[in-house]
Amino acid sequence: MSRLRKSLGIPTFAVALFSGLAHQANAQETPPLPNDFRLVYSQNFEGPSWRDQFVMTDPLAWRSGTAGGGDAANKTLELFGKSDYQPPHRSPFNIAFIKETVVGDFILDVKLLQTGKEYGHRDMCLFFGFQDPAHFYYVHMATATDDHAHNLFIVNEAPRIKISEKTSKGVQWGTQVWHHVRLIRRTGSGLIQVFFDDMETPIMQATDTHFGTGHIGFGSFDDTGMVDDIRLWSNQVSLKPIPPFKP
């Protein structure tokens with residue numbers, strides 16, 4: 001957790017006006033950034049208005065969670081139940097999207113904690129390039145890899161298809177363990193890279209140019225977990241609301 005940012009009271013939504021303060025508060029964690037990148041969104045779920053900034057496939061499956069206890073307790077975004085949502089094509093059910101921020105090239109940093117039982121497909125996911133429920137990319141991080149797990153996927157008017165050129169054997173979520181995940185996207189070349197705790201060597205990589213700018217989301221195929229300390233940098237940002245999802 002970045003307690004420094006929380007103690008400084010960094011705003012939950014940050015655009016260019018606040019980017020300098022956010023960078024200062026997170027200097028020890030900020031990744032190397034291209035010169036034209038700026039912090040376009042930041043969220044630590046400590047404030048009361050975070051829910052207004054997200055659109056969920058099913059709002060009843062999400063709540064304000066608490067990780068840790070006593071003075072160390074942190075507020076989080078918690079996926080605690082199954083979403084009453086049926087996507088048009090086989091793909092994850094439980095998703096919380098940043099409501100209005102649309103990005104092209106980006107670097108996303110987030111902390112994830114998986115709270116489900118251990119099994120091969122025990123997962124959490126990141127979503128990006130989201131156009132609509134039938135067109136988007138997602139990262140599926142799971143205990144073991146196969147054609148339907150622990151890979152990069154595209155949903156393009158058909159059930160999800162693996163697009164990874166490289167992936168690891170899986171990740172160890174552990175119990176009550178927070179993990180630092182980084183997702184890098186370059187729309188021009190199509191490069192997609194995913195880092196898990198180790199920010200030097202990606203656990204997944206792909207190249208795909210089907211979708212350019214789009215929304216960012218967090219969730220799971222059909223498990224549970226917590227999300228915290230979201231930071232999103234980009235040089236291509238616009239505001240476009242996502243309409244509510246239909247069950």
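**Entry 1: Lys111 and Asp229**

I looked up the salt bridge between Lys111 and Asp229 and found its closest N and O atoms 4.0 Å apart. This pair connects distant parts of the chain, with Lys111 in strand 6 and Asp229 in strand 16, 118 residues apart. I note here that the model is a predicted one. Are Lys111 and Asp229 buried or exposed? Both Lys111 and Asp229 are buried. For Asp229 I noted a relative accessibility of 4%, so the residue counts as buried, the limit being under 20%. Strand 16, where Asp229 is found, covers residues 225-234. I also checked the backbone of Asp229: its phi is positive, about 50°, although the residue is not a glycine.

I then turned to Glu157, which is not a glycine either and has a positive phi of about 55°. Glu157 sits in the loop that runs between strand 9 (151-156) and strand 10 (161-162). Its relative accessibility is 55%, so I put Glu157 down as exposed, the limit being over 50%.

**Entry 2: other salt bridges**

How many salt bridges does the structure hold? I found six. One of them joins Arg63 to Glu78, with 3.1 Å between the closest N and O atoms. Arg63 belongs to strand 3 (residues 62-67) and Glu78 to strand 4 (residues 74-79), so this pair ties together parts 15 residues apart in sequence. I recorded Arg63 as partly exposed at a relative accessible area of 38%, and Glu78 as buried at 12%.

Another salt bridge is formed by Glu118 and Arg122, whose closest N and O atoms are 3.0 Å apart. I also noted a network in which salt bridges with shared partners join Asp109, Arg182 and Arg231. For Glu118 the relative accessible area is 46%, which makes the residue partly exposed.

**Entry 3: Arg122**

I stayed with Arg122, which lies in the loop between strand 6 (106-114) and strand 7 (123-132). Arg122 is buried, with a relative accessible area of 4%. Its side chain makes a polar contact of 2.8 Å with the side chain of Gln114. Setting aside neighbours within four places in sequence, I listed the contacts of Arg122; among them are Gly116, Met141, Trp173 and Asp223.

**Entry 4: Asp123**

Next I looked at Asp123, which is found in strand 7.

**Entry 5: strand 5**

Last, I went through strand 5 (residues 94-103), which is mostly covered, with eight of its ten residues buried. I looked up its pairings. Strand 5 pairs with strand 2 (residues 54-56) in the antiparallel sense over three bridges, and here Met56 has Ala96 of strand 5 as its bridge partner. Strand 15 (residues 214-220) also runs antiparallel to strand 5, and six bridges join the two. On that side I found Ala96 opposite Phe218. Strand 17 (residues 237-239) pairs with strand 5 over three bridges, again in the antiparallel sense. There Val103 stands opposite Val237.

Conventions:
Residues are numbered from 1 along each chain as its sequence is written. This is a predicted model: local features need pLDDT of at least 70, side-chain atom pairs count only at pLDDT 80 or more; totals for chains, interfaces and linings use all residues. Side-chain values use heavy atoms; hydrogens and water are left out. Helices (H or I, at least four residues) and strands (E, at least two) are DSSP runs, numbered from the N terminus. Buried means under 20% relative accessible area, exposed over 50%, partly exposed in between (1.4 Å probe, protein chains only). A polar contact is a pair of N or O atoms within 3.5 Å; within protein, one must be able to donate a hydrogen and the other to accept it, and residues adjacent in sequence count only if both atoms are side-chain atoms. Contact means heavy atoms within 4.5 Å. Two strands pair if DSSP finds at least two bridges between them. A salt bridge is a side-chain nitrogen of Lys or Arg within 4 Å of a carboxyl oxygen of Asp or Glu.
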